[in-house]
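Visitor: Please take a close look at one chain for me. I would like to know how it is built, and then how it meets a neighbour.

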Amino acid sequence: MSVSNLLENWSKVRHTHPVGDVPHEEYKWAMAIDLDACTGCNACSVACYAENNIAVVGKEKYAHGQAMHWMRIERYWDEDEREFPDQGAQFLPMMCQQCEAAPCETVCPVGATNHTADGLNSQVYNRCVGSRYCSANCPFKVRYFNWWDYPDQENAWPDEMKQQLNPDVTVRTKGVMEKCTFCVQRLTAAKNMARNEGRLVKDGEVQTACQQACPTNAISFGNLVDAESRVHKQWKQQQVELAEDAQAKDEYFTDLRGYRILEDLRAYPSVMYLERVRESAI
Amino acid sequence: MIENNFNRRDFLKVLGWGGAAVTLSGCGFTSVQDGTETVVSYVEPTEYALPGIGVYFNSTCAQCDAGCSITGRVREGRALKLEGNAASSINRGKMCGLGQAGVQAHYNPDRLREPMFKGQPVAWDKALGLIDEKVKTLKGDDVAFLTGGMSGHVKVLFKNYMDALGSKNHYVYEAVSPSVVRAANKKAYGVEAPRLRLDKAKAVVSFGADFLGAWVSPVHFSQQYAQFRKGNRPEGRGVLVQIEPKMTLTGANADRWIPLRPGTDGVLALGIIHALAKNGLSVPADVAAAVKDYAPERVSQETGVSVEQIGKLAALLKTHTPSLVLAGDAAEGYQHGSQNAAAIALLNRVLGNVGKTIEAPANVPFPQIAAQGGNRAALQALNGKLASGKVQMLFVHGANPVYTAPLSLKFKENLNKATFKVVFAHYMDETALQADLVLPLDSALEDWATAVPEYLPEGAQLNVQQPLMEKLHAGTRGTGDILLALLKQRRANEYGKFDDFYAYLRNAVVSIKGALGGGGKDEDTFWAETLSEGLVKLPGSGGNLSSKASAAGLHFPAVVEDAAYPLRLIPSVTANMRDGRNANQPWLQESPDPLTTIVWDSWVEIHPKTAAKLGIVEGDIVEVASKSGSIKAQAYLFPGIHPDAVSVPLGYGHEAMGRYAKGVGANAFAMLDAVSDQETGELAMNETRVKIGKTGQRIIVIKEEGVAGGKQAGKKIAARLASDKVDLSKEV
Amino acid sequence: MQSFFRSIILLAGLFFYASSHAADALPPLTTADNLGPKVEQPIEFPHNRHAGLRDPADAGDPSVPAKGGMEINCMYCHTGARRSAVAAIPPLQKCIGCHQTINSVRETPRIQKLFEYWEAKKAIPWKKVHDLPDFVRFNHERHIQRFIFAQGKPVQEACGYCHGDVRAMTVARRSKPLSMGWCATCHQKDHPVDAVSGKTSHGPNDCWQCHK
């Protein structure tokens with residue numbers, strides 16, 4: 001596909017998955033995050049470091065925006081200029097939204113980031129050449145670039161700590177982009193087990209690291225294709241459609257709280273958030 | 001030009017292998033390699049360990065005292081990842097970030113590897129021999145023990161060793177602990193740690209109890225909180241009000257966060273009772289008499305909480321029953337901390353919460369293994385004894401008092417009056433540096449132990465801590481093994497028959513298997529099941545709870561201002577750093593503080609209004625000075641703090657403890673004034689008055705928050721709905 | 001315009017960087033005898049004696065050393081193959097389990113060495129022969145379950161597709177390139193799903209199936 005071809009057919013390339021020409025048959029991994037349950041405690045983020053061999057970059061590199069937290073908690077305040085934030089803060093766990101029409105995919109010059117049949121936005125480290133176009137094009141800013149050779153030169157893992165590295169996940173070095181994978185190594189293992197028994201992965205059989213740690217069960221994760229999965233039921237109940245860039249329910253008043261972030265950018269994220277609720281009477 | 005001729009496939013072809021080489025050079029093989037790596041192979045296999053497949057072992061988290069049960073994933077003999085153990089009634093399969101970082105305590109590159117005597121490595125036999133020689137020359141009263149909170153069989157061995165030496169000087173110390181509230185609970189309910197049922201409460205009013213962050217048993221309370229917030233539970237979605245001068249993580253999650261003038265918690269609690277009585281709630285006569293002076297106008301003036309807000313609080317508590325009122329760190333940290341806690345207990349009594357959302361905890365059938373929670377008064381008591389020169393020999397375990405003691409106590413100076421100091425330590429921390437003899441410990445993932453948590457959410461539970469893998473360093477030993485060796489020196493008859501602590505522990509547990517619910521099983525089966533589960537749920541009766549919170553003697557002195565030190569210091573206990581014992585775990589240093597989003601440093605939280613008055617902007621290095629000491633740290637303008645207070649997180653500013661902790665931030669413990677709660681003698685953490693001044697330096701604050709400072713720029717990113725705009729009942 | 005030039009420079013730079021690595025990154029796929037490089041192992045393990053075909057002359061007296069192989073199933077020793085991502089090298093105990101009763105070869109140098117390891121309770125430091133790059137996730141279990149247990153291929157044929165004719169080797173040597181292109185040639189083909197239905201499917205095509 002030449003660049004001119006790409007540009008001419010831009011809208012088509014971008015819309016490939018949601019319009020259904022490559023439907024998800026067996027799996028479509030998706031999430032629902034309940035912001036009313038999320039307390040902002042950061043357990044998910046640390047669990048992600050532990051599971052996915054994420055480098056600790058240290059103070060100086062953090063200052064340069066080089067932190068690698070695939071799962072980060074964003075904290076927002078109200079903007080009404082009151083003296084005190086007396087309705088608390090707003091916490092938002094933010095990680096790769098595994099967009100169906102992912103803006104990062106179309107700009108990768110080497111095809112290192114692709115859509116998988118399971119509806120994941122894959123990042124293939126050995127193919128990545130570090131152009132960082134994907135990161136520039138990501139509206140959620142959830143792609144992290146290895147500016148340094150952490151395993152070898154930056155002492156992110158002294159010898160003792162190397163022993164903690166998860167052998168199911170590649171250790172990335174300098175010049176590679178990385179991001180949340182929905183713990184693809186766990187998905188692969190679960191699919192493998194299910195396949196041995198000639199069936200599909202059942203709801204609850206596989207958990208992402210963040211979901212497993214979350215003390216308030218704010219994160220649910222599962223197969224959107226599976227009508228029995230909790231995540232499917234949540235999306236359905238909240239009337240959020242994966243392949244829409246504006247939800248019909250938003251046209252009229254509803255008492256539902258499901259939404260996707262920056263939906264109007266037509267990236268079709270696979271993560272639905274549930275709005276935080278605050279008691280109005282106190 | 002490029003547009004016409006550039007062919008993406010060709011581009012890929014060229015880059016295929018090159019990309020690979022760039023990707024992974026140095027951290028692994030990037031191409032097929034024959035005969036370079038050695039294959040994992042075993043001499044004798046264990047049936048369940050297959051290369052390439054993780055094995056899971058149950059154990060107990062030792063990162064804090066909550067006693068969560070964990071499941072460690074082990075592959076090819078290495079512990080890789082910790083998950084929660086679903087069988088535990090404490091954490092039900094969940095974990096916090098602190099717990100996750102437990103593997104970094106284990107693999108920490110700065111762990112001690114061999115015993116040290118006066119700074120020189122020494123063999124274990126020699127080290128234990130030195131202790132033997134020394135204790136022989138001393139009377140029991142000359143020897144003292146300073147330990148952290150403890151329970152289980154390690155506690156039993158400590159006690160037995162103290163008995164063997166004839167020492168009664170056991171100081172159980174935790175720098176951060178709810179010790180005043182514990183005493184107040186004992187008075188009001190007859191128990192120190194009653195069960196708190198957030199899940200049954202329709203409203204929770206918390207006076208500075210950060211139960212989602214770092215208070216008592218955060219993972220357990222977080223789960224209860226999730227239940228409490230469910231719109232589809234019979235009680236409906238619960239309402240949380242947090243009242244505290246500095247916003248904690250729990251405050252950030254409240255429906256209403258109320259900034260209270262520091263220390264006026266008790267006044268507000270009585271004011272709420274007053275308002276409730278006015279609203280028609282029947283209040284016992286003695287209580288009514290005690291609160292008659294606490295009219296909303298006066299309370300409002302003292303606490304800074306508006307009359308309208310007090311009315312709303314009373315209305316909420318009247319309609320939302322049962323409710324639950326909590327007293328936390330922010331309420332107890334004053335000279336009149338006990339009074340604050342007593343007033344809050346009284347509010348619970350008036351609301352009829354006792355027995356509904358405050359329940360009796362389970363009895364632990366064996367008091368000798370029950371938890372002994374640490375407090376701050378223990379350090380003050382030991383300090384006095386050290387100062388008078390009455391302690392010749394001191395054992396320290398599970399505490400770092402040289403770091404956590406306020407400078408005003410002169411603890412370090414007094415410590416050195418003891419002639420022989422033995423410190424059990426994982427790292428060369430500030431206290432180990434002062435020791436004559438340092439005994440290096442196995443990590444929690446290598447060692448055997450049992451634990452009974454102090455806060456028991458359901459029935460009593462005996463947690464087993466077992467090794468997940470082989471020891472990393474040959475020169476470390478388990479606490480239990482060291483104590484057993486020391487006991488063998490004194491009571492060879494009694495302990496000689498045990499080869500090691502494992503043998504002791506197995507014997508001790510299986511010998512009471514009947515009482516542990518394993519009466520019908522043979523010893524081997526019972527033991528194997530215990531290890532497999534990682535815990536034993538103890539059968540037994542629930543305890544008793546009394547409701548005797550009294551209005552008698554409640555008196556709150558007027559707040560006296562100090563013109564030279566106009567601000568109140570609130571040393572904050574954060575979920576990441578707590579009392580600083582985990583500061584050398586890099587995941588925790590790099591995990592942003594949830595509220596300020598700052599990493600790898602201390603900060604001083606100042607309300608923007610106060611900062612404007614003082615001409616301070618974000619990033620100014622300010623000096624916070626009390627009568628007892630001062631620190632320098634970056635200023636962070638934080639709207640969630642009372643304008644009369646500044647807050648500095650605890651746990652930073654280590655002078656030792658390895659590469660990840662040393663020199664990161666400033667130690668707020670050091671500058672605390674030695675003021676105590678009048679009833680319990682506990683160090684009053686929030687009583688320190690400070691002044692704040694600019695040093696002239698300014699830096700860029702390193703934090704996760706972007707330049708927008710937590711604003712969403714009109715986009716729907718983190719969205720919020722009012723509760724009357726949403727129907728939660730149909731949610732799945 | 002300026003940004004357009006910048007991207008050309010960047011792309012040219014990428015070409016240069018990549019091609020400078022391409023030369024030294026590619027190992028020789030085969031040696032002169034069309035096999036991977038010879039790997040020196042702590043014990044020269046004779047695969048041919050264990051897995052090779054029986055010699056018709058070997059029937060009868062067990063005290064007389066056999067000339068041919070034992071036709072031992074690959075999975076008798078490599079027990080991980082059907083249930084783990086890695087096929088696994090058998091633990092030393094497994095070798096000893098048989099060899100302590102096989103007196104006919106007890107005094108040969110290789111077996112003596114084997115028992116030296118056993119008595120010292122030391123694991124034998126076998127070298128990896130089929131060592132894939134660290135970013136590749138190859139799962140033995142998936143392939144064995146599909147081709148041997150579902151489709152019913154003979155074991156040595158199924159294993160041999162990637163490992164070559166191990167029956168004829170002493171110390172195993174690599175006989176296939178194990179490169180991505182080589183894997184893909186097979187993944188693109190249609191393979192029977194099982195022995196009876198006649199249905200076929202091809203191997204997965206997602207990057208993340210094999211890359212981690």
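Guide: Start with one term. Two residues are in contact if their C-beta atoms, placed from the backbone, lie within 7 Å. Keep in mind that this is a predicted model.

Now turn to chain C. Take its contacts between residues at least 6 apart in sequence: 54% of them join residues at least 24 apart.

Next, the elements. Chain C has nine helices. It also has two strands. Follow the chain from the N terminus, and the order is α-α-α-α-α-α-α-α-β-β-α.

How much of chain C is buried? The chain has 212 residues, and 20% of them count as buried.

Now look at the neighbour, chain A. On the chain C side, 15 residues are in contact with chain A. On the chain A side, 18 residues take part. Which elements of chain C give two or more residues to this side? They are helix H1 (2–25), helix H6 (140–150) and helix H9 (207–210).

Last, check the kinds of residue on the side of chain C that touches chain A. Six are nonpolar. Another six are charged. The other three are polar.

Definitions and conventions
Residues are numbered from 1 along each chain as its sequence is written. Chains are lettered from A and ligands numbered from 1 in the order in which they are written. This is a predicted model: local features need pLDDT of at least 70, side-chain atom pairs count only at pLDDT 80 or more; totals for chains, interfaces and linings use all residues. Helices (H or I, at least four residues) and strands (E, at least two) are DSSP runs, numbered from the N terminus. Ala, Val, Leu, Ile, Met, Phe, Trp, Tyr, Cys and Pro count as nonpolar, Asp, Glu, Lys and Arg as charged, and the others, Gly among them, as polar. A residue is buried if 20 or more other C-beta atoms lie within 10 Å of its own, exposed if 12 or fewer, and partly exposed in between; C-beta atoms are placed from the backbone.
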